[in-house]
Amino acid sequence: YTIALTGETKATMMYQRILFSTTLLFSKSSFGFSFLASNSKLARFSLVTTAAASRRIVSPFQKKAAMSSTTSTTSRLGAVKVGDVISSDVTLMEGQADYEKPVPVKLYDLIKGKKVAIFAVPGAFTPGCSKSHLPSFITAMSDLKQKGVDMVLCVATNDAYVMEAWGRTSGGADAGIRFLSDGNAELTRAFGLAMDSDVFVRSKRYSLIADDGVITHYFSAEEQSSDTWAPNVLAAL
């Protein structure tokens, strides 16, 4: 059976092995329409919605499926690991003071010949990133230098203006951390650490140490976020 609705949202419901005993009812809801079955046995169904114009309405079922798809894709690509070389093709953007035009930064050229710490957060100005992850590196800057770290970089997929403002207002920039925007998710995707959100593609939380472009230490937040904080990084150096 196929049922099509027209209007702002076109939707098609495909369902299999439905045994009817009474009436099937359809009513509009926040994600297109809902499926109601009275005294019927429903084996399985899938709902797919597409937008008629530029706006797309996605059901909770689709969001879950999209997240699963992203996870499996990341798994197939493989996440970043120790021994990997940071791509020379990745270009990030660095915001400038007084809202000047951001400048492109070739990441590999920036870190070539240096020992650097890079930490990425899901979003600038977000609670966990602002209260824990970033402050841990601000307070650890002198200790990291004593461990031979030449440069500390903070990366997120927010735009360069947001990253500059976060660095300036948080005290991170004054501490010597450079805030770089991965607005196109080039680095995030290259690392296999992209995750979809309601607004834009975000980076999973991580920290790493790279020496002359080669990753020597990698810290994931898969088990707990604190594994990516500066004290854990320092303990490994």
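**Note on the predicted model: ring pairs, cores and selected residues**

1. The structure holds five aromatic pairs. This is a predicted model, and every value below is computed from it. A pair of aromatic rings is described by the distance of the centres and the angle of the planes.

2. Take Trp166 and Phe179. Their ring centres are 5.8 Å apart and their planes stand at 75°, so this pair is edge-to-face. Trp166 belongs to helix H5 and Phe179 to strand S10 (residues 178-181), so the pair ties together parts 13 residues apart in sequence. Trp166 has a relative accessible area of 2% and is buried; Phe179, with 6%, is buried as well.

3. Tyr206 and Tyr218 form a tilted pair, because their ring centres lie 6.2 Å apart and their planes meet at 35°. This pair links distant parts of the chain, with Tyr206 in strand S13 (residues 206-211) and Tyr218 in strand S14 (residues 214-220), 12 residues apart. Tyr206 is at 0% and counts as buried.

4. Ring pairs also join Phe125, Trp166 and Phe179 into a cluster.

5. Next, the cores. The largest nonpolar core has 23 residues, and those touching the most other members are Phe119, Phe137, Val152, Trp166 and Ile177. At least two residues of this core come from each of these elements: strand S8 (115-120), helix H3 (127-139), helix H4 (141-146), strand S9 (151-156), helix H5 (160-170) and helix H8 (230-236). There is also a second, separate core of 22 residues, whose members include Ile86, Leu110, Met151 and Tyr206. In soluble globular proteins, nonpolar side chains tend to be buried together.

6. Which residues does Val152 contact, apart from its neighbours within four places in sequence? They are Ala117, Phe119, Phe137, Met141, Leu144, Gly176, Ile177 and Arg178.

7. His133 lies in helix H3 and is buried, with a relative accessible area of 0%. Its side chain makes a polar contact with the side chain of Ser207 at 3.2 Å. The side chain of His133 also reaches the backbone oxygen of Thr228, again listed at 3.2 Å. Not counting residues up to four places away in sequence, the residues touched by His133 include Phe119, Tyr206, Ser207, Thr228 and Trp229.

8. Ser136 is found in helix H3 too. A polar atom of its side chain lies 2.7 Å from the backbone oxygen of His133. With a relative accessible area of 11%, Ser136 is buried. Leaving out residues up to four places away in sequence, Ser136 touches Trp229, Ala230 and Pro231.

9. Asp150 sits in the loop between H4 and S9. Is Asp150 buried or exposed? Asp150 is exposed, because its relative accessible area is 54%. Not counting residues up to four places away in sequence, Asp150 touches Lys114 and Lys115. The C-alpha atoms of Asp150 and Ala117 are separated by 8.1 Å, although these residues are 33 residues apart along the chain.

10. Finally, the whole chain. The protein chain has eight helices and 14 strands. Of its 237 residues, 38% count as buried. Among contacts between residues at least 6 apart in sequence, 60% join residues at least 24 apart. The protein chain exposes about 13,200 Å², and carbon and sulfur atoms supply 53% of that area.

Terms used
Residues are numbered from 1 along each chain as its sequence is written. This is a predicted model: local features need pLDDT of at least 70, side-chain atom pairs count only at pLDDT 80 or more; totals for chains, interfaces and linings use all residues. Side-chain values use heavy atoms; hydrogens and water are left out. A nonpolar core is a set of buried Ala, Val, Leu, Ile, Met, Phe, Trp, Tyr and Cys residues joined through side-chain atoms within 4.5 Å. Buried means under 20% relative accessible area, exposed over 50%, partly exposed in between (1.4 Å probe, protein chains only). Helices (H or I, at least four residues) and strands (E, at least two) are DSSP runs, numbered from the N terminus. Contact means heavy atoms within 4.5 Å. A polar contact is a pair of N or O atoms within 3.5 Å; within protein, one must be able to donate a hydrogen and the other to accept it, and residues adjacent in sequence count only if both atoms are side-chain atoms. Accessible areas come from the Shrake-Rupley method with a 1.4 Å probe; for residues, only the protein chains shown count as cover. Rings of Phe, Tyr and Trp (its six-membered ring) pair if their centres lie within 6.5 Å; planes under 30 degrees apart count as stacked, over 60 as edge-to-face and the rest as tilted.
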